[in-house]
Amino acid sequence: ALLVARLDNEDVDTELYLRRLQRIAAKVSSATSDEADGETKLRTLAKHLFEDLGFHGSTLDYYHRSNSYVNEVMDDREGIPITLSIVFIELAERLDLPVAGLGIPGHFLAMYREPPPEKQPDAKPKEILIDPFGGQFVTREQASELSGARLADADFVPARKRSIIMRVLRNLLNIAEQERDAPARLRYLDA
């Protein structure tokens, strides 16, 4: 996802942002005990990212290209649902939390899904939906409201990493088309 920003700014230092992600994850890790369960770590991560660091959704200039560049989202602490979710997912990965992206129609979420205990293999996995744009946990019903569509179980399948990057590129392509920026359209299509 950091490499997408290089399409428009070849000087982006991806290693710098990877180190920043590692530092944030280390801070969250030090704020929780080693015995803390996954949900406790998840809530600590959400509090740190959205309350302490102030990451939030961009409401004034939602369709600005910078909202699709993870490096600028990290710098500004502001972005669109998909890039804020990418930051959240990457931090969760560094904390060994099972969080994936969830591309619902018209919105993007992060989803924590903890497998059932070995003693209860038929139990439903524990699922928590996170809306990084709003900086809050949401229910499936609230996710449907955010989407503007009635969501079914099939809509709650984790997105593959490739599809997440493709969605970021489609966002950039749409912006370039609206701005009638042919060279940018070609860069995004080539990517």
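In which hand, left-handed or right-handed, does α5 pass α7? The answer comes with the third view below. This is a predicted model, in which local features need pLDDT of at least 70, side-chain atom pairs count only at pLDDT 80 or more, and totals for chains, interfaces and linings use all residues. Residues are numbered from 1 along each chain as its sequence is written, and side-chain values use heavy atoms, with hydrogens and water left out.

**View 1. The largest pocket holds about 330 Å³ of space.** Here a pocket is an open set of points on a 1 Å grid over the protein atoms alone, where a 1.4 Å probe fits, with protein on both sides within 12 Å along at least five of seven lines; lining residues have an atom within 4 Å of a point. Grid points are joined across faces, edges and corners, and the volume is the space filled by probe spheres set on them. The lining has 19 residues, and Ala1, Ile86, Glu90, Lys161 and Ile165 lie nearest the centre. Two or more lining residues come from each of α1 (2-5), α2 (14-30), α5 (81-94), β3 (99-104) and α7 (161-178); helices (H or I, at least four residues) and strands (E, at least two) are DSSP runs, numbered from the N terminus. With six residues, α5 gives the most. By class, 14 lining residues are nonpolar, one is polar and four are charged (Ala, Val, Leu, Ile, Met, Phe, Trp, Tyr, Cys and Pro count as nonpolar, Asp, Glu, Lys and Arg as charged, and the others, Gly among them, as polar).

**View 2. The second largest pocket holds about 270 Å³ of space.** Its lining is made of 14 residues, with Tyr62, Tyr63, Ile80, Asn171 and Asn174 closest to the centre. At least two lining residues come from each of α5, β4 (107-114) and α7, and α7 gives the most, with five. Seven nonpolar, six polar and one charged residues make up this lining.

**View 3. Helices α5 and α7 cross at roughly 150°, and their axes come within 11 Å.** Axes are lines fitted to C-alpha atoms, for helices over the stretch in contact, and angles run from 0 to 180 degrees between N-to-C directions. The crossing angle makes α5 roughly antiparallel to α7 (under 35 degrees counts as roughly parallel, over 145 as roughly antiparallel, 65 to 115 as roughly perpendicular and the rest as oblique). As for the opening question, α5 passes α7 in a left-handed crossing; that is, the near helix is turned anticlockwise from the far one by less than a right angle, whereas clockwise would be right-handed. Ile82, Ile86 and Glu93 of α5 meet Lys161, Ile164, Arg167, Val168 and Asn171 of α7, where contact means heavy atoms within 4.5 Å. These residues divide into four nonpolar, one polar and three charged.

**View 4. Helix α2 packs against helix α3 (residues 38-52) at an angle of about 125°, with the axes 9 Å apart.** That angle makes α2 oblique to α3, and the crossing is right-handed. On the α2 side the contact uses Ile24, Lys27 and Val28, and on the α3 side Lys41, Thr44, Leu45 and His48. Three of the contact residues are nonpolar, two polar and two charged.

**View 5. Helix α7 and helix α8 (residues 182-190) cross at roughly 165°, and their axes come within 8 Å.** This makes α7 roughly antiparallel to α8, and α7 passes α8 in a left-handed crossing. Leu169, Leu172, Leu173, Ala176 and Glu177 of α7 meet Ala184, Arg185, Tyr188 and Leu189 of α8. The contact has seven nonpolar, no polar and two charged residues.
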